[in-house]
Protein chains: 2
Amino acid sequence: MHYRILIVEDDEELGKQIVGHFREAGFDPTWFKNGDAALMVRPQDFDLIVLDLMLPGAYGMDVLKHVRQEADVPVLVLSARNETTDKVRALELGADDYMTKPFWPEELLARVQARLRRPVLTRSGVIEVGSLAIDTVGRQVSIGDETVELTRVEFDLLTALAKRPGAAISRTWLVDNVLDPEREGGTRTLDVHISRLRKKLGDVGRTIATVWGVGYRLEPQST
Amino acid sequence: MHYRILIVEDDEELGKQIVGHFREAGFDPTWFKNGDAALMVRPQDFDLIVLDLMLPGAYGMDVLKHVRQEADVPVLVLSARNETTDKVRALELGADDYMTKPFWPEELLARVQARLRRPVLTRSGVIEVGSLAIDTVGRQVSIGDETVELTRVEFDLLTALAKRPGAAISRTWLVDNVLDPEREGGTRTLDVHISRLRKKLGDVGRTIATVWGVGYRLEPQST
DNA sequence: CTATGGCTTAGGAACCTGTTAAGATCTCCA
DNA sequence: TGGAGATCTTAACAGGTTCCTAAGCCATAG
């Protein structure tokens with residue numbers, strides 16, 4: 001069975017290239033060259049959406065909003081600029097990942113593949129990993145029947161890991177995306193949060209593995 | 001069946017050298033010394049194009065553009081400078097890989113082979129070579145059902161080899177790309193890592209072959 | 001047989017992580 | 001506005017892991 005990928009990209013060259021790479025890799029890509037068409041589509045017909053934010057007419061954000069209203073499909077956002085505002089807004093609107101042009105097609109492919117190995121995310125916005133249940137809407141976490149109280153950072157940290165169970169999430173990514181972005185680098189802050197998270201989660205906490213020199217990973221079959 | 005390679009390179013020496021290497025390696029190389037000729041060609045007649053950006057008259061980018069308009073042939077770009085602008089522009093125009101001069105002809109050959117001989121990379125980001133499975137996303141390695149604990153360098157080394165099973169990966173490439181780039185040259189560090197990797201992998205470790213005077217190779221049918 | 005390159009062992013240096021404790025900051029409510 | 005409590009950050013250190021280098025031995029090519 002082939003994953004269906006929707007690509008929204010106005011650049012003729014880049015679009016063709018991306019489509020080619022996806023097809024080669026065994027995906028089933030659909031390519032829209034403008035936002036209007038993308039606004040008509042049923043997002044739930046696709047397994048993942050690659051969206052260029054810099055569409056003519058600044059439709060990028062509209063498309064993203066539309067997709068988010070309709071379904072919980074992962075969205076990978078592309079942007080030509082490396083402006084933080086774009087990134088922040090995209091993430092606020094529910095983008096799942098973000099890439100700055102230019103990039104290697106392989107990298108895009110790799111990220112998409114990583115994203116598709118996704119967790120059990122129920123329609124109500126609950127991520128389930130083993131006995132762990134994360135209500136991303138109500139921002140509540142439970143293990144079995146027990147509710148666990150987490151702070152904001154702890155919750156975001158756990159969510160980031162749980163969104164891609166089994167994947168190693170790099171320290172830098174976590175620091176940049178979960179912790180306060182205004183911070184300056186070079187501390188043990190992340191470790192402290194992980195430490196407390198593990199303690200609060202008890203047995204489940206032990207399924208947060210350290211990937212030495214890289215980051216952390218939530219084991220998929222967390223009991 | 002021979003792969004047809006188009007080489008666009010104005011430097012007499014380098015061109016001759018590259019052509020020689022490709023021919024030796026069993027490719028079918030065609031060599032153009034200037035961009036004008038390259039603009040006339042039908043890119044779809046080739047399996048891969050090696051393009052020097054620094055052509056007289058600055059035709060490099062034009063050729064790239066031409067190729068991209070015509071067909072979806074992989075293009076490997078060469079450039080004398082190590083300037084980011086060139087790299088970025090090449091990427092925007094759809095180059096698939098990029099090499100900075102000077103380089104070893106072997107390295108060029110290796111990259112070309114890597115591109116033509118697609119790695120065994122499954123949808124989920126797992127590289128499989130025989131009973132060996134490398135989860136590049138989760139950064140985990142297993143042989144059959146057994147998980148193998150590898151350090152960061154060991155993992156990256158194995159991945160580099162496994163991405164191109166059967167291909168000889170040069171020592172220099174491994175040292176430059178896998179080991180800490182800040183290091184100074186002239187040690188036996190790589191050997192030590194390979195040694196430990198072999199030991200940890202047990203039987204599979206024996207399929208990491210030494211290519212005398214060149215580097216290492218992971219045998220494709222590793223048990 | 002010789003020279004070159006590769007393998008392995010061992011030790012120490014460098015690095016990374018986990019944890020505790022304390023200070024800074026934020027939030028909420030009276 | 002003030003203050004208590006919760007939350008986040010930083011510093012400091014311990015403990016462990018990983019990496020690099022040196023040195024001797026072995027394998028290979030010529």
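The stops below go from a DNA strand to the protein around it, and then to a pair of packed helices.

Bear in mind throughout that this is a predicted model. Begin by selecting DNA strand C together with the 22 residues around it, of which Arg198(A), Thr210(A), Tyr216(A), Thr210(B) and Tyr216(B) come nearest. If you colour this surface by residue class, you will find six nonpolar, six polar and 10 charged residues.

Next, show the phosphate oxygens of DNA strand C and look at individual contacts. In chain A, an N or O atom in the side chain of Tyr216(A) is 2.6 Å from a phosphate oxygen. In chain B, the side chain of Thr210(B) places an N or O atom 2.5 Å from a phosphate oxygen, while at Gly213(B) a polar backbone atom is 3.4 Å from a phosphate oxygen.

Now select helix H8 (189-201) in chain A and helix H8 (189-201) in chain B, each of which supplies at least two residues of the surface near DNA strand C.

To see the contact, display side chains including Val153(A), Leu157(A) and Leu158(A) of H6(A), and Leu190(A), Ile194(A) and Leu197(A) of H8(A). The residues of this contact divide into seven nonpolar, one polar and three charged.

Notes:
Residues numbered from 1 in each chain as written. Chains lettered and ligands numbered in written order. Predicted model: local features only at pLDDT ≥ 70, side-chain atom pairs only at ≥ 80, totals over all residues. Heavy atoms only, no water. Near = heavy atom within 4 Å. Polar contact = N/O pair within 3.5 Å; in protein donor to acceptor, adjacent residues only side chain to side chain. Helix = DSSP H or I, 4+ residues; strand = E, 2+ residues; numbered from the N terminus. Nonpolar A, V, L, I, M, F, W, Y, C, P; charged D, E, K, R; others polar. Contact = heavy atoms within 4.5 Å.
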